[in-house]
Amino acid sequence: MTTANAQSQDYGYDVREAIRRHWVLFLIQGVVMIVLGLVAIGEPMVASVAVALFAGWRFLFSGIIGLAGAFTAHRLPGCGWALISALLGILIGIYLIWRPLAGVLTLTLAVAIYFGTQGITQIITAIAQRGVLRSWIWVVLGGVVNVLLAAIIISGWPGTAEWTLGLLFGINLLMWGLSLVMTALACRAVSAAPHTAAPAAA
């Protein structure tokens, strides 16, 4: 076994052991996220507004921090653009916090454009690399799904804004929570015995 492989195994064991020691915390966090995900899926409009408000506060705080940084480093090249970016972030944040419902409409449209762009990129890339990529048809299928989802959102917009962000946010929380729960349960079974790395090959 090479030194690199031994170090990689040691690192993997250390990660599993750290999770094993605190598996209950990971389990609780996972369960909480699953519950929140199910709530978001059940009430997508409420979750959509929450996402808009979260994005608003995030833009606002990032803009304030960026503004402070721009004034601190006002002599550095590109400071003017940093200042404009910070002010734009503050304005967007205030707008999303002040009018979260309008923000939901804008964010939903942005998500649809993102899905459409990503889907088209996936399709073009997969077809171009079909000679070397065995799973290219699955990548194409994923791209088609993204394009169809974008088309559904845009065709029904602004009505689709009532559920799109909240549903996607809920699914994300649900899957993240499930992964944490399964990771905690799997790492709980890791042996607590001392780990001895195999000697490196001469």
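Visitor: Before that, what are the ground rules?

Guide: This is a predicted model, in which local features need pLDDT of at least 70 and side-chain atom pairs count only at pLDDT 80 or more, while totals for chains, interfaces and linings use all residues. Residues are numbered from 1 along each chain as its sequence is written, and side-chain values use heavy atoms, with hydrogens and water left out.

Visitor: How many helices and strands are there in the protein?

Guide: The protein has seven helices and zero strands. Helices (H or I, at least four residues) and strands (E, at least two) are DSSP runs, numbered from the N terminus.

Visitor: What share of the residues is buried?

Guide: Of the 202 residues, 29% are buried. Buried means under 20% relative accessible area, exposed over 50%, and partly exposed in between, using a 1.4 Å probe and protein chains only.

Visitor: Which residues make up the largest nonpolar core?

Guide: There are ten: Val-49, Ala-52, Val-104, Val-111, Ala-112, Phe-115, Ala-150, Ile-153, Ala-161 and Leu-165. At least two residues come from each of H3 (44-72), H5 (100-128) and H6 (136-155), and H5 gives the most, with four. A nonpolar core is a set of buried Ala, Val, Leu, Ile, Met, Phe, Trp, Tyr and Cys residues joined through side-chain atoms within 4.5 Å.

Visitor: What does Val-49 touch?

Guide: Not counting residues up to four places away in sequence, Val-49 touches Pro-100, Leu-101 and Val-104. Contact means heavy atoms within 4.5 Å.

Visitor: Stay on H5. What span should it have?

Guide: At 1.5 Å a residue, its 29 residues should span 42 Å, and the end C-alpha atoms are 41 Å apart, which agrees. The expected span is 1.5 Å times one less than the number of residues. Buried residues in H5 include Gly-103, Thr-108, Gly-116 and Gly-119.

Visitor: Back to H3. Is Ser-48 buried or exposed?

Guide: Ser-48, which lies in H3, is buried, with a relative accessible area of 0%. Leaving aside neighbours within four places in sequence, Ser-48 is in contact with Val-104, Ala-161, Glu-162, Trp-163, Leu-165 and Gly-166. The C-alpha atoms of Ser-48 and Trp-163 are 6.9 Å apart, although the two are 115 residues apart along the chain.

Visitor: What about Asn-146, buried or exposed?

Guide: Asn-146 is in H6 and counts as buried, at 13% relative accessibility. Outside four places in sequence, Asn-146 touches Phe-115, Gly-116, Gln-118, Gly-119 and Gln-122.

Visitor: And where is Val-144?

Guide: Val-144 is also found in H6, but counts as partly exposed at 33% relative accessibility. The C-alpha atoms of Val-144 and Gln-122 are separated by 8.5 Å.

Visitor: New topic. Which residues form the nonpolar patch on the surface?

Guide: Val-24, Ile-28, Val-32 and Leu-36, with about 340 Å² of accessible area together. Patches are made of residues with over 30% relative accessible area and no salt bridge; like charges are joined within 9 Å, nonpolar side chains (Val, Leu, Ile, Met, Phe, Trp, Tyr) within 5 Å. A salt bridge is a side-chain nitrogen of Lys or Arg within 4 Å of a carboxyl oxygen of Asp or Glu. Leu-36 is found in H2 (residues 23-42) and is partly exposed, at 47%.

Technical notes:
Areas by Shrake-Rupley, 256 points an atom, 1.4 Å probe, with all protein chains shown as cover.
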